[in-house]
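Hi,

Here is the structure I promised to pass on. Have a look at it first, and then read my notes below.

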Amino acid sequence: MYAWLWRKLPGRPRTRILTALVLAGVAVAVLWYVVFPLLEPVVTLDEVTVAK
């Protein structure tokens with residue numbers, strides 16, 4: 001998969017590295033600001049139950 005992505009990215013290696021970092025940053029931002037807030041009501045991590 002990574003080899004396929006590397007071949008599909010345009011430019012020389014320096015440009016490919018920069019493009020890959022930007023794409024990874026965009027993916028992280030989308031997860032952080034869009035996906036995780038939508039999932040927060042469904043996955044309640046604040047409610048902890050400890051069995052004795």
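By about how many helical turns are Trp32 and Phe36 separated in helix 2? They are four residues apart there, so about one helical turn lies between them.

Before the rest, a word on how to read this. It's a predicted model, where local features need pLDDT of at least 70 and side-chain atom pairs count only at pLDDT 80 or more, while totals for chains, interfaces and linings use all residues. Residues are numbered from 1 along each chain as its sequence is written, and side-chain values use heavy atoms, leaving out hydrogens and water.

Overall picture: the protein has two helices and zero strands (DSSP runs numbered from the N terminus, H or I of at least four residues for helices, E of at least two for strands). Its radius of gyration is 18 Å, whereas a compact globule of 52 residues would come out near 10 Å (taken over C-alpha atoms; the globule rule is 2.2 Å times the number of residues to the power 0.38). The C-alpha trace spans about 60 × 25 × 15 Å along the principal axes. Buried residues are 4% of the 52 (buried is under 20% relative accessible area, exposed over 50%, partly exposed in between, with a 1.4 Å probe and protein chains only).

Now helix 2, which covers residues 13–39. Its 27 residues should span 39 Å at 1.5 Å a residue, and the end C-alpha atoms are 37 Å apart, which agrees (the expected span is 1.5 Å times one less than the number of residues). There's also a kink of about 35°, centred on Leu31 (the bend is the angle between axes fitted to the seven residues ending at a residue and the seven starting there).

Back to the two rings. One aromatic pair is counted (Phe, Tyr and Trp rings, the six-membered one for Trp, with centres within 6.5 Å; planes under 30 degrees apart are stacked, over 60 edge-to-face, the rest tilted). Trp32 and Phe36 have ring centres 6.5 Å apart and planes at 75°, so they are edge-to-face. Trp32 is exposed at 54%, and Phe36 is partly exposed at 43%.

Cheers
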